[in-house]
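Hi everyone, thanks for coming. Let me put the sequence and the model up, and then I'll walk you through a few spots.

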Amino acid sequence: MDFNPHASSYSYFNNGNASGSSSHRQSSGPSSSSGRETDGAFGGFDVIAWYPKHQSCQRYFVEVAQHSYPCQALAAFINIKLPFQRMAGSSNLSTGPTPVRLPPPFRPHGAFHPPPHPLAQTQPHHPTMSSYGWVSLYPYIRRLVATGLDAPAILHGWFGDDWECGVGPQHEQERRNFLFMAKSGGWATVKQDYDMVADECIPYIQPLRKICEGELEGAEETWSGWLAMEDWMLGKRAPLTARRGSEL
């Protein structure tokens with residue numbers, strides 16, 4: 001399965017309609033001929049329509065994915081703690097996994113059965129999203145991108161069926177940020193930026209995989225706009241090639 005980095009969710013929110021499209025990518029950022037944001041839409045991206053999909057990804061990651069063995073194994077390999085692991089040292093013990101008592105098994109009257117082991121009558125009950133409060137998915141997206149593990153199958157396994165719409169925009173932008181980091185600093189600078197706390201340092205950084213020419217061209221155009229920003233070449237001073245998307 002080939003990975004198209006532009007297969008994100010921008011067109012999903014085109015004109016505020018939550019309808020799928022064969023062409024996922026519409027725009028890499030806000031752009032509007034009217035220069036105004038209306039009804040939560042910033043250019044071609046509707047934040048109001050996007051947010052429920054993002055919440056769906058949060059719930060799936062917190063309530064399902066992080067408790068699965070494949071997710072835990074991959075998180076250990078790229079050295080990043082999952083939300084339930086971050087809560088392990090919390091003083092609020094009520095938010096951790098709690099045992100659920102099952103009803104006793106049926107036994108015919110008069111038959112002898114040895115008492116079951118106490119652990120056989122319990123099973124883990126994972127906390128819901130509300131037990132965690134706010135959980136940001138962005139650190140996990142950054143770590144997957146920087147380690148070259150941002151394949152669609154992994155993103156789907158971590159964030160659920162709505163990943164293209166719910167985290168696709170952040171995924172696409174983080175790939176671009178990673179390109180910018182590589183261009184503006186050396187290996188040590190990039191690794192330092194993607195390191196987290198001391199015990200969650202990124203074990204390695206990997207060049208972007210499955211990148212297409214269109215993604216590179218979009219990054220080059222945005223990078224040129226940033227260079228113009230550094231030289232105060234904005235508004236009427238902006239180069240003609242960069243002025244089209246800068247008049248917000």
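So, is cysteine 165 buried or exposed? Cysteine 165 counts as buried, because its relative accessibility is 13%, and buried means under 20% relative accessible area, exposed over 50%, partly exposed in between (1.4 Å probe, protein chains only).

Quick caveats: this is a predicted model, where local features need pLDDT of at least 70, side-chain atom pairs count only at pLDDT 80 or more, and totals for chains, interfaces and linings use all residues. Residues are numbered from 1 along each chain as its sequence is written, and side-chain values use heavy atoms, with hydrogens and water left out.

Back to the cysteines. There are zero disulfides in the structure, a disulfide being a pair of cysteine sulfur atoms within 2.5 Å. For cysteine 165, the nearest cysteine sulfur belongs to cysteine 57, and that is 8.3 Å away. Cysteine 212 counts as partly exposed, at 25% relative accessibility.

Now look at helix 10, residues 213-230; helices here are DSSP runs (H or I, at least four residues), numbered from the N terminus. Leucine 227 sits in that helix and is partly exposed, at 36% relative accessible area.

Last stop, the lining of the second largest pocket. Which helix gives the largest share of that lining? That's helix 10, with five residues. Helix 8 (168-184) also supplies at least two residues, as does helix 10.

That's the tour; happy to go back to any of it.
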